[in-house]
Amino acid sequence: IFGQIIASGRSLENPVSVAFLGPEQTHSHRAAASVFGAGAEYDSAPSIPEVFASVERGSSDYGVVPIENSTAGTVGETLDMFVETTARIIGETTLSITHHLLAKSPMTAITVVYSHPQVLDQCRVWLAQNLPFAERVEVASTAAAAARAASESGAGALGSKQGAEVHGLAVIRSDIQDFADNTTRFFVLGNSS
């Protein structure tokens, strides 16, 4: 219902702007697009606090931030921001989340795996069983992980198929999250004024 209200209220001359934890092709970007559709302008933010700040200062009309994952739990950084901001929750959406091992190298050559901390946690068991000696390195997003893996020999990333396509990576293994019913809930933010 929320998505329909937003879509019907949009003016073709002045599309809404939506901040999300970016870059493009992250799960937050997908969540934002599922709510606001193709007519919105999307503003990639480098961090969750920057999504809140963009909404609060009026640079973006709305923001989309992850709040809870069915496997890894609450996103503490998002919760912490509600103490520091005037941006408020005006809606929510939930996405089914699948993760894939992306790389240019074969799995046997992967010595380091990049991803967002929540994603590394959501694939913890799979990594322990399949890449027990690979170093795990936290980065800001799954898109940033794919970019790093694309630029390094022996590197892999946990991310989306879209991220693989954008960065010229192969999907080495699909659906590697520890639980098949892995979902993330996202809050839609608006300004309280």
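Biologist: How many salt bridges does the structure hold?
Modeller: This is a predicted model, so everything I tell you is computed from it, and in it there are 5 salt bridges.

Biologist: Which residue does arginine 185 meet in a salt bridge?
Modeller: Its partner is glutamate 92, with an N to O distance of 3.3 Å. The pair ties together distant parts of the chain, since arginine 185 sits in strand 11 and glutamate 92 in strand 5, 93 residues apart.

Biologist: And how exposed are arginine 185 and glutamate 92?
Modeller: Arginine 185 is partly exposed because its relative accessible area is 25%, and glutamate 92, at 45% relative accessibility, counts as partly exposed too.

Biologist: What about arginine 124, which residue does it form a salt bridge with?
Modeller: Arginine 124 pairs with aspartate 121, and their closest N and O atoms are 3.1 Å apart. Arginine 124 counts as partly exposed at 48% relative accessibility, and aspartate 121 is partly exposed with a relative accessible area of 27%. On the subject of shared partners, salt bridges join Glu68, Glu92 and Arg185 into one network.

Biologist: Which residue does arginine 57 bridge to?
Modeller: Arginine 57 forms a salt bridge with glutamate 50, where the closest N and O atoms lie 3.7 Å apart. Here arginine 57 counts as exposed because its relative accessibility is 53%, whereas glutamate 50, at 33%, counts as partly exposed.

Biologist: Let's switch to helix 3; which of its residues are buried?
Modeller: Helix 3 covers residues 48–56, and its buried residues are Ile48, Val51, Phe52, Ser54 and Val55. They span an arc of only 160 degrees around the axis, so they lie on the same side of helix 3.

Biologist: Why does serine 54 count as buried?
Modeller: Its relative accessibility is 8%, and the cut-off for buried is under 20%, so serine 54 falls in that class. Leaving aside neighbours within four places in sequence, serine 54 is in contact with Ala19, Ser59 and Ser60.

Biologist: And what follows helix 3?
Modeller: Glycine 58 follows helix 3, and the phi of this glycine is positive, near 85 degrees.

Biologist: You mentioned helix 4, so which of its residues are buried?
Modeller: Those are Thr78, Met81 and Phe82. Their arc around the axis is only 105 degrees, which puts them on the same side of helix 4. That buried set packs against helix 3, strand 3, strand 5 and strand 11, while the face turned away from the buried side carries the exposed residues Val83 and Glu84.

Biologist: New topic: how many cavities of 30 Å³ or more are there?
Modeller: The count comes to 1 cavity of 30 Å³ or more, and the volume of the largest cavity is about 240 Å³.

Biologist: Which residues lie nearest the centre of the largest cavity?
Modeller: Its lining has 17 residues, and those nearest the centre are His27, Ser28, Pro66, His116 and Val119. Helix 2 (27–36), strand 3, helix 5 (117–122) and strand 11 each supply at least two residues of that lining, with the largest share, 3 residues, coming from helix 5.

Biologist: How many of the lining residues are nonpolar, polar or charged?
Modeller: The lining of the largest cavity has 6 nonpolar and 11 polar residues, with no charged ones.

Biologist: Last topic, the backbone: is the peptide bond from glycine 22 to proline 23 cis or trans?
Modeller: That bond is cis, with omega near 15 degrees, and proline 23 lies in the loop between strand 1 and helix 2.

Biologist: What is the phi of aspartate 175?
Modeller: Aspartate 175 has a positive phi of about 50 degrees although it is not a glycine. You'll find aspartate 175 in the loop between strand 10 (170–173) and strand 11, where it is partly exposed because its relative accessible area is 47%.

Conventions
Residues are numbered from 1 along each chain as its sequence is written. This is a predicted model: local features need pLDDT of at least 70, side-chain atom pairs count only at pLDDT 80 or more; totals for chains, interfaces and linings use all residues. Side-chain values use heavy atoms; hydrogens and water are left out. Buried means under 20% relative accessible area, exposed over 50%, partly exposed in between (1.4 Å probe, protein chains only). Helices (H or I, at least four residues) and strands (E, at least two) are DSSP runs, numbered from the N terminus. The arc is that of the directions from the helix axis to the C-beta atoms. On a 1 Å grid over the protein atoms alone, a cavity is a set of points where a 1.4 Å probe fits but cannot get out, and a pocket is an open set with protein on both sides within 12 Å along at least five of seven lines; lining residues have an atom within 4 Å of a point. Grid points are joined across faces, edges and corners, and a volume is the space filled by probe spheres set on the points. Ala, Val, Leu, Ile, Met, Phe, Trp, Tyr, Cys and Pro count as nonpolar, Asp, Glu, Lys and Arg as charged, and the others, Gly among them, as polar. Contact means heavy atoms within 4.5 Å. A salt bridge is a side-chain nitrogen of Lys or Arg within 4 Å of a carboxyl oxygen of Asp or Glu.
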